[in-house]
Amino acid sequence: MENLVFQNHPTFELGTNTFVNVPIILQYENLPLIEVLQTHDVGFTTQIPIYHPDGTYLAKAVGSRLFLTEDGKRAGLILEHPARATVCKLGEKTLFEIHRTDAAALRTQAELYTPDGRFVKCSQSRTPELYKADGSALTIRGGSVLSGCTFDRCRIGIWVKRNGSVALGCA
């Protein structure tokens, strides 16, 4: 995940693709993996669930804050807060990083899993995954590459199904 810039309307950038007024950026089956929420205190922010590879729901990232579930606490997740960042670790492995680039923007890097253990990579990687976003494009397993696209006012930007099908710009 690249940048979320807060304006009069939420604009979210993912792998050079722009999502404008799209409440669910990425959904797997019926589970939103990346959402844009409107709040009364900060305007717009993101919400991202964090699952363990076995499907255990560990934490939820809301904007630049991470909230551990009871299972996340039992698993030993650690939150670190270096300057202008929040880092979520399991042992020595970093699962999720949120960096505040300025007052109105966040940059996130994550290794996410779905509740059924499918891998979602939101950074550079050569390992096989359901989905990957780096600075140049968004690649969906199976060879679909999205680059420079704009999704405007749809309900779900990218909807990935367990059977491998992908829907874009869903109403």
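Predicted model: local features only at pLDDT ≥ 70, side-chain atom pairs only at ≥ 80, totals over all residues.
Trainee: How many aromatic pairs does a search of the whole structure find?

Mentor: The search returns three aromatic pairs. One of them joins F12 and F19, with 6.5 Å from centre to centre and 70 degrees between the planes.

Trainee: Why is the pair of F12 and F19 called edge-to-face?

Mentor: Planes over 60 degrees apart count as edge-to-face. The planes of F12 and F19 stand at 70 degrees, so the pair is edge-to-face.

Trainee: Are F12 and F19 buried or exposed?

Mentor: Both F12 and F19 are buried. Ring pairs also link these two residues with F151 into a cluster.

Trainee: What makes the pair of Y51 and Y57 tilted?

Mentor: The ring centres of Y51 and Y57 lie 5.2 Å apart, and the planes form an angle of 35 degrees. Stacked requires under 30 degrees and edge-to-face over 60, so the angle of 35 degrees makes this pair tilted.

Trainee: Why does Y51 count as buried?

Mentor: The relative accessible area of Y51 is 11%. Buried means under 20%, therefore Y51 is buried.

Trainee: Why does Y57 count as partly exposed?

Mentor: Y57 has a relative accessibility of 31%.

Trainee: What percentage of the residues of the chain count as buried?

Mentor: Of the 171 residues, 46% count as buried. The chain contains one helix and 19 strands, and its accessible surface comes to about 8,500 Å², with 49% belonging to carbon and sulfur atoms.

Conventions. Residues numbered from 1 in each chain as written. Heavy atoms only, no water. Phe/Tyr/Trp six-rings, centres within 6.5 Å; stacked < 30°, edge-to-face > 60°. Buried < 20%, exposed > 50% of the residue type's maximum accessible area, 1.4 Å probe, protein only. Helix = DSSP H or I, 4+ residues; strand = E, 2+ residues; numbered from the N terminus. Areas by Shrake-Rupley, 256 points an atom, 1.4 Å probe, with all protein chains shown as cover.
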